[in-house]
Amino acid sequence: MKSALVQTTRRTAWLLIFTLFTMGYAWGEEREPSDMKTIEGRVFYRERMMLPPNAGITVTLEDVSKMDVAADIIATTTFPPVGGPPWDFAMEYDPARIDSRHRYAVRARIEVNGQLLFTNMTQIPAFSGTEGKPLEILVSRVGGGRGGQHPTPPTPNASLVTTYWKLIELDGRPATLGAGERELHMVLTNEGDHVRGFSGCNRFTGSYELTDSQLRFRPLAATRMACLEGMEQEQRFLAALGEITRFTISGNSMALYSGDERLILQFEAVALQ
């Protein structure tokens, strides 16, 4: 009888300890502060214009360590542009996804109904600024006319051919200027379905195939100059042209897609004189 009572008491004590331990563990999880960190900043442009009410701003934190692949998106936040610029944002990210050996940048886009209107033309390092100081992201217009209350794409859309297409984005990142501070670009002509352009260090030339919205570039030939900067971007640009199978044009903006429907390249139209 006494032995049974002792065993019952021991079982009760262990059950009580287990219950308190479990409850304490759960409470500890509830009290544990969030491991997420925040990047704060503001997005602005210098154009004297107002955005339409259906515009949206998207800010992303991206791993831009490699030039030959699309940027890995670490975090993103989307919000409406209430009032005029600047627009403040706070974007949470998981520090466990940050590798000290990699490079990270913040990119901002302003879109209306899926059409890109503004983006930053220079890379904004995510973590190299003064700690605690908000990031300043200047975005620039990439399509449509100037002035007026609302950005309205021209009608009809820019022509695929006989148009100077300035490269705006490559693999989701703003394109940078090439050697001699020249912008990367291409021009497609009606003469023999010919294409020519500047890829960052070298000039390139070749031909293309066009069927409705299907666009393919045949193997391109380029000069063989070597430059101190821009070679990686040039190699990726030329390789990306070889992956293109489809294009869309909306106003002064052209998007080029790969066979698996990835948006690889975006251009802004500049009419030839």
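User: Which strand gives the most to the lining of the largest cavity?
Analyst: The model is predicted, and each value is computed from it. Two strands, β5 and β11, each supply at least two residues of this lining. Among the lining residues are Ala 105, Val 106 and Arg 107. With three residues, the top contributor is β5.

User: How much space lies in the largest cavity?
Analyst: Rolling a probe the size of a water molecule over the atoms shows where empty space is left. The count comes to one cavity of 30 Å³ or more. The space in the largest cavity is about 40 Å³.

User: How do the residues lining the largest cavity divide into nonpolar, polar and charged?
Analyst: The lining includes Val 64 and Ile 124, as well as Asn 120, Gln 123, Glu 62 and Arg 173. Sorted by type, the lining holds five nonpolar, two polar and three charged.

User: What volume does the largest pocket have?
Analyst: A pocket is an open set of points, whereas a probe in a cavity cannot get out. For the largest pocket, the volume is about 670 Å³.

User: Which residues that line the largest pocket are closest to its centre?
Analyst: The lining of this pocket counts 31 residues. Those closest to the centre are Met 121, Ala 175, Thr 176, Leu 177 and Gln 233.

User: Which element supplies the largest share of the lining of the largest pocket?
Analyst: Elements that give two or more residues are β9 (140-141), β10 (163-170), β11 (173-174) and α2 (231-243). By type, the lining divides into 12 nonpolar, eight polar and 11 charged. The largest share is four residues, and they come from β10.

User: How far apart are the sulfur atoms of Cys 201 and Cys 227?
Analyst: The structure holds one disulfide. A disulfide needs the two sulfur atoms to lie within 2.5 Å. Cys 201 and Cys 227 form this link, with their sulfur atoms apart by 1.9 Å.

User: How many residues apart are Cys 201 and Cys 227?
Analyst: The disulfide of Cys 201 and Cys 227 is right-handed, with 85° about the S-S bond. Cys 201 sits in the loop between β13 (194-198) and β14 (203-211), and Cys 227 in the loop between β16 (221-222) and α2. These are distant parts of the chain, and the separation is 26 residues.

User: Are Cys 201 and Cys 227 buried or exposed?
Analyst: Under 20% relative accessible area counts as buried, and over 50% as exposed. Cys 201 and Cys 227 are both buried.

User: Why does the pair of Tyr 45 and Phe 118 count as stacked?
Analyst: A search of the whole structure finds six aromatic pairs. Tyr 45 and Phe 118 have ring centres 4.4 Å apart. Planes under 30 degrees apart count as stacked. The pair is stacked because its planes meet at 10°.

User: Which residues form one aromatic cluster?
Analyst: Tyr 45 lies in the loop between β1 (37-44) and β2 (55-63), and Phe 118 in strand β6, so their pair ties together parts 73 residues apart in sequence. Both Tyr 45 and Phe 118 are buried. One aromatic cluster is formed by Tyr 45, Trp 87 and Phe 118.

User: What angle lies between the planes of Tyr 104 and Phe 127?
Analyst: Their ring centres are 5.9 Å apart, and the pair is edge-to-face. An edge-to-face pair needs over 60 degrees between the planes. For Tyr 104 and Phe 127, the angle is 65°.

User: Over which ring does the charged end of Arg 182 sit?
Analyst: A charge over a ring must be within 6 Å of the ring centre. The charged end of Arg 246 sits over the ring of Tyr 257, 4.2 Å from the centre. For Arg 182, the distance is 3.9 Å and the ring is that of Phe 198.

User: What phi does Glu 261 have?
Analyst: Most residues other than glycine have a negative phi. Thr 162, in the loop between β9 and β10, has a positive phi of about 55°. Glu 261 is found in the loop between β18 (253-258) and β19 (263-271). Glu 261 is not a glycine either, yet its phi is positive, at about 65°.

Methods. Residues are numbered from 1 along each chain as its sequence is written. This is a predicted model: local features need pLDDT of at least 70, side-chain atom pairs count only at pLDDT 80 or more; totals for chains, interfaces and linings use all residues. Side-chain values use heavy atoms; hydrogens and water are left out. On a 1 Å grid over the protein atoms alone, a cavity is a set of points where a 1.4 Å probe fits but cannot get out, and a pocket is an open set with protein on both sides within 12 Å along at least five of seven lines; lining residues have an atom within 4 Å of a point. Grid points are joined across faces, edges and corners, and a volume is the space filled by probe spheres set on the points. Ala, Val, Leu, Ile, Met, Phe, Trp, Tyr, Cys and Pro count as nonpolar, Asp, Glu, Lys and Arg as charged, and the others, Gly among them, as polar. Buried means under 20% relative accessible area, exposed over 50%, partly exposed in between (1.4 Å probe, protein chains only). Rings of Phe, Tyr and Trp (its six-membered ring) pair if their centres lie within 6.5 Å; planes under 30 degrees apart count as stacked, over 60 as edge-to-face and the rest as tilted. A charge sits over a ring if NZ of Lys or CZ of Arg is within 6 Å of the ring centre and within 35 degrees of the ring normal.
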